[in-house]
Amino acid sequence: MSEPEVIELRRYPSRKLYNKNSSSYVRLPEVAEMVRKGANIRVEDTETGEDVTRAVLLQIIMEQENQQAGTMLSADLMMDMIRLHQSK
């Protein structure tokens, strides 16, 4: 079985995201849909070259959490995540 496609994105200082694979700008909902369809993404900051994939994914989750009908994470799950991180 082959690995899912890795979609390379670049984040600009203006917070715009550029999809290097399709040579087009994308918005967070489009990135979320790519992930839902099974793609792996990697986001690089254009100024620092830093991998900011986790920050972008967290931003997607936060935006979905702020939508009334779209809660993904229960308070219990979030507390467990914080406790897990503390133990490392």
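Student: What should I know before I start?

Tutor: Residues are numbered from 1 along each chain as its sequence is written, and side-chain values use heavy atoms, without hydrogens and water. In this predicted model, local features need pLDDT of at least 70 and side-chain atom pairs count only at pLDDT 80 or more, while totals for chains, interfaces and linings use all residues.

Student: Which pattern does the protein chain follow along the sequence?

Tutor: Helices (H or I, at least four residues) and strands (E, at least two) are DSSP runs, numbered from the N terminus. Here the order is β-β-β-α-β-α-α, with three helices and four strands.

Student: Is N19 buried or exposed?

Tutor: Buried means under 20% relative accessible area, exposed over 50%, and partly exposed in between (1.4 Å probe, protein chains only). N19 counts as buried because its relative accessibility is 5%. Buried residues make up 23% of the 88 residues in the protein chain.

Student: Where does N19 lie, and which residues does N19 touch?

Tutor: Contact means heavy atoms within 4.5 Å. N19 sits in strand β2, residues 17-19. Leaving out residues up to four places away in sequence, N19 touches I7, E8, L9, S24, V26 and M34.

Student: And M81, is that residue buried or partly exposed?

Tutor: M81 belongs to helix α3, which covers residues 75-86. With 44% relative accessibility, M81 counts as partly exposed.
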